[in-house]
Amino acid sequence: MFLYPDPKTLDICGVKFGGQPGENPPVLIGTIFYEKHKILNENGFDKKGACDLINKQVEMSDETKIPSVVNVFGTDADGFRKRIDFVAEHCKLPIMIDSPDYSVRIAALKHAADVGLCRRIIYNSVNLSVNKDEIEALKNSSVDSAIVLAYNPTDSSFEGKIKFLEKDGAFGKGMLDVAKGAGIKNILVDTAMTPLYHGAGIALKSIVSCKSKFGYPTGCATHNAAVSWPWLSGRAARNVVDLSSNVMPVMLGADFVLYGPIEYADRVFDVVAFAEVAVEEAMDGMTNVKGIEL
């Protein structure tokens with residue numbers, strides 16, 4: 001554990017991201033309406049079930065003092081708008097918009113402007129596949145918070161992630177400059193978790209290198225590595241490994257963790273709260289010292 005040279009602290013709709021380890025708790029981000037989510041049905045989704053899940057995350061966040069964000073997933077524009085509106089109505093948290101289809105994300109940006117939600121929106125994400133239409137839509141919106149995904153398919157090393165963010169991203173620019181050019185002021189760097197044996201450890205290591213280099217709040221989704229490990233399939237410990245994997249980025253000073261399905265909130269917040277207390281104790285008395293390694 002060590003202190004970062006010049007870490008930035010961002011305030012997105014009242015939720016703080018960043019700072020030195022132990023200064024602000026890591027933000028936990030749970031996903032709702034993901035593909036094959038049990039609350040989805042032929043009429044859209046089970047409203048009571050969705051409300052219960054959102055309320056449980058809010059309750060766990062309040063109890064543990066670990067802040068949270070709801071990541072809303074969608075694949076069609078009309079359904080996505082309804083999901084965003086529902087989450088906005090049932091909590092006051094920032095809302096991350098997540099879709100594999102850029103046109104659906106663009107529609108969500110326009111909808112957020114129409115209903116006055118732009119300040120609550122975190123765009124997920126500005127990445128290698130970003131196109132000019134997407135950049136223009138971001139420029140023309142008031143959404144100024146986004147995840148920048150440090151996924152470099154040509155160089156998966158942590159040096160490759162740095163270069164990707166700094167100069168070798170899209171449009172002949174580094175991805176951080178691409179995001180800034182799109183009007184993003186609140187940048188959250190996701191170090192792009194990949195499966196074990198394919199760079200998962202590098203993504204964890206890159207939390208330290210990326211935050212040290214650029215200062216932006218940094219995190220990842222270790223859940224992705226746990227659930228994609230074939231060896232765990234069918235094993236009794238699978239859920240335990242998945243849950244405990246969220247501690248790993250926290251112990252490295254991550255500022256946010258995408259922990260997976262929102263129904264895990266009743267377990268993951270307690271686990272991360274334990275890790276955060278340990279980080280706070282480790283950093284106690286060091287907040288005025290920079291660059292000291294323990």
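Author: One aromatic cluster here is formed by F33, F45 and F86. The model is predicted, so local features need pLDDT of at least 70 and side-chain atom pairs count only at pLDDT 80 or more, while totals for chains, interfaces and linings use all residues. Residues are numbered from 1 along each chain as its sequence is written, and side-chain values use heavy atoms, with hydrogens and water left out.

Reader: How many aromatic pairs does a search of the whole structure find?

Author: The search finds four. Rings of Phe, Tyr and Trp (its six-membered ring) pair if their centres lie within 6.5 Å; planes under 30 degrees apart are stacked, over 60 edge-to-face, and the rest tilted.

Reader: Why is the pair of F45 and F86 called edge-to-face?

Author: The ring centres of F45 and F86 are 5.1 Å apart and the planes stand at 75 degrees, so the pair is edge-to-face. F45 belongs to strand β5 (residues 44-45) and F86 to helix α2 (residues 77-90), so the pair ties together parts 41 residues apart in sequence. Helices (H or I, at least four residues) and strands (E, at least two) are DSSP runs, numbered from the N terminus.

Reader: Are F45 and F86 buried or exposed, and how do you know?

Author: Buried means under 20% relative accessible area, exposed over 50%, and partly exposed in between (1.4 Å probe, protein chains only). F45 has 11%, so F45 is buried; F86 has 8%, so F86 is buried as well.

Reader: And what makes the pair of W229 and W231 tilted?

Author: The centres of the W229 and W231 rings lie 5.2 Å apart with planes at 35 degrees, so this pair is tilted. W229, at 22% relative accessible area, is partly exposed, whereas W231, at 52%, is exposed.

Reader: How do you know that K47 lies over the face of F45?

Author: A charge sits over a ring if NZ of Lys or CZ of Arg is within 6 Å of the ring centre and within 35 degrees of the ring normal. K47 is 5.1 Å from the centre of the F45 ring. The charged end of K8 likewise sits over the ring of Y216, 4.6 Å from its centre.

Reader: Which strands make up the closed barrel?

Author: The eight strands run β3-β6-β7-β8-β9-β10-β11-β12, with parallel pairing. From one strand to the next, the twist averages 30 degrees.

Reader: What makes β3 and β12 a pair?

Author: Two strands pair if DSSP finds at least two bridges between them. Strands β3 (residues 27-32) and β12 (residues 256-261) have five bridges, in the parallel sense. Within β12, L258 is opposite I29.

Reader: Why is S206 called buried, and which residues does S206 touch?

Author: S206, in helix α7, has 0% relative accessibility and therefore counts as buried. Contact means heavy atoms within 4.5 Å. Not counting residues up to four places away in sequence, S206 touches F158, K161, T191 and K211. K161 is among the buried residues of helix α5 (residues 158-166), whose cover includes α7 (200-214).

Definitions and conventions: Axes are lines fitted to C-alpha atoms, for helices over the stretch in contact, and angles run from 0 to 180 degrees between N-to-C directions.
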